[in-house]
Amino acid sequence: MNRTKLLLTLAGLLFVGALALDARSFFAKTSSHPPVVDDRLPNGHLHRRPPSPVATSTVDQTHTVVQPGEAPVNLVLPVVLGQPASGPLELTGKLSGSYVKTGPGEAFAVFELKARAPEKHERVPVNLALVVDRSGSMDGPKLADAKRAAQELVRQLKVGDRLALAHYGSDVTVEPSVMINERTRGELLATIEAIRVNGGTNMSGGLVAGANAVHPFSSDFRVTRAILLSDGEPTEGVTSNDGLFSEVGKLREMGITVSALGVGQGFNDTLMRGMAERGGGFSGFISDSSQLASIFTRELEQAAGTVARAVTLVLTLPPGVSGVEVMGLPSTRDGDLLRIPLYDMTSGQSARVVVKLTMNAPQDVASMKVLDAEVSYVDVAAGTPNQVKLALDAKVTNDAQVVHANLDRDVRVHAIRALGTQQLQAAAEAMKSGDRAGALDLLGNARRLFGASASALSGELADVEQTQAAYGNARSDADVRDAAMSLKKKTMKNFGQNNSY
């Protein structure tokens, strides 16, 4: 072989090798692992880090995704009931299997939290702050609809409720909290009618001012809530997501629940959703401002029907369990403790929390503790703190067949739904950023994951197909945003959360 042919041959081999590396990189990016994961910096702020490396064949993944050629999983394990079983909240939980394999591996845990119906239904008097955006972008129908909705809320308040009104543009105006009676009701209606647009978006200033107006009366009320409305990004005051999340966290520690409602096309949905998650309230993505009146009504019903507030799930990781990832919810970790804020709950409301665990099961034990869980909350009827606890254990074996024979069908479905929904969540972000190829790849990943349990996840598969069609037919930026927003709403439900409109 002459020198030229040799060089060409070597170049060809290098090119083929590069393609192979690119392919492996592509499949790593489109694996069942989430595209991005929430984590915490030492100062407590959330940041987004790259996905964990794709697990190697030495890690037991039988709990995680359906394995090629495996037998169907049909076993349903009994749930563990939290204790004490009294109080307005019921906590249950179970693992993805009753056995774990020795060595490094992954498993899932699912917790269900339900609010029981009280023996005697009683409307709780409420202490509310209504915080309304009046920045320049609200001019026109949005502000008119917001004012009508606020006035309707005022009309529905009962004598004995309290309301403070804050409205913000570049500056902030606060109407002090007043006890509702016929005189103050009329004054509030007139004040709302007089609101006019002005300047930028000082969201943090409006929220803090509204909260400060209601806080002095919070000890006299079982429920205190701030309802924030905005149509855009914050431009003045605290403008970063993390900064606003911190402000909301402080308000929740003061006993003030925060709901965050975005209206129109320009608001930051990640910010509004994150504020509601950390504030224990509801979020709403409202494209049509004429819907605001009904949303405000539902917010009032939610606040007045609260049976448990300041709800927090705390997970304790025992020895052998090194990592925990909460699917679709913010959390903070301090050593072996992981805290997950949940929303205030009314009678009949529920929340599901799915977590993925990384562990290393020892070989010299018959069983191991996998996770301890505690839900703390304030019992609104009693006005006292309460908690409910449970522990999850698993047997340990070297036999992979024993592990598979004792997997739980329902938890497997919840796990696959959560993994697929992470892909949907990332797809919605890719749509918003204009990454069409990335969005379509992520939607395809979700479709493959949901297809592993097609009979149980037929609704999720239909949602993916609907999104693929809507996104494929999008002809404008507004069409793309609508498709992304619709997908985001679906992900909230898929993750088991029931605090969105």
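Visitor: Which helix does Ala400 lie in?

Guide: Ala400 lies in helix H8, residues 400-405. Helices (H or I, at least four residues) and strands (E, at least two) are DSSP runs, numbered from the N terminus. The model is predicted: local features need pLDDT of at least 70, side-chain atom pairs count only at pLDDT 80 or more, and totals for chains, interfaces and linings use all residues. Residues are numbered from 1 along each chain as its sequence is written, and side-chain values use heavy atoms, with hydrogens and water left out.

Visitor: Why is Ala400 called partly exposed?

Guide: Buried means under 20% relative accessible area, exposed over 50%, and partly exposed in between (1.4 Å probe, protein chains only). Ala400 has 35%, so it is partly exposed. Its C-alpha atom is 8.6 Å from that of Val100, 300 residues away along the chain.

Visitor: What makes Asn386 count as buried?

Guide: Its relative accessibility is 18%, so Asn386 counts as buried. Asn386 sits in strand E20. Beyond residues up to four places away in sequence, Asn386 touches Gly87, Val375, Ser376, Tyr377 and Asp379. Contact here means heavy atoms within 4.5 Å.

Visitor: What makes a set of residues a nonpolar core?

Guide: The members are buried Ala, Val, Leu, Ile, Met, Phe, Trp, Tyr and Cys residues, joined through side-chain atoms within 4.5 Å. The largest such core has 41 residues. Phe111, Leu315, Val355 and Leu357 have the most contacts inside it. Strands supplying at least two residues each include E6 (103-115), E13 (306-316) and E18 (350-361). A second, separate core has 35 residues, among them Val124, Met138, Leu163 and Ala303.

Visitor: Which residues is Val355 in contact with, leaving aside its neighbours within four places in sequence?

Guide: Val355 is in contact with Ala107, Phe108, Ala109, Phe111, Leu315, Val324, Glu325, Val326 and Leu371.

Visitor: Why is H6 called roughly parallel to H12?

Guide: The axes of H6 (residues 269-279) and H12 (residues 477-494) cross at roughly 20° and come within 12 Å. Axes are lines fitted to C-alpha atoms, for helices over the stretch in contact, and angles run from 0 to 180 degrees between N-to-C directions. Angles under 35 degrees count as roughly parallel, over 145 as roughly antiparallel, 65 to 115 as roughly perpendicular and the rest as oblique. So H6 is roughly parallel to H12.

Visitor: Which residues meet between H6 and H12?

Guide: Asp269, Thr270 and Arg273 in H6 meet Arg481, Met485, Lys488 and Met492 in H12.
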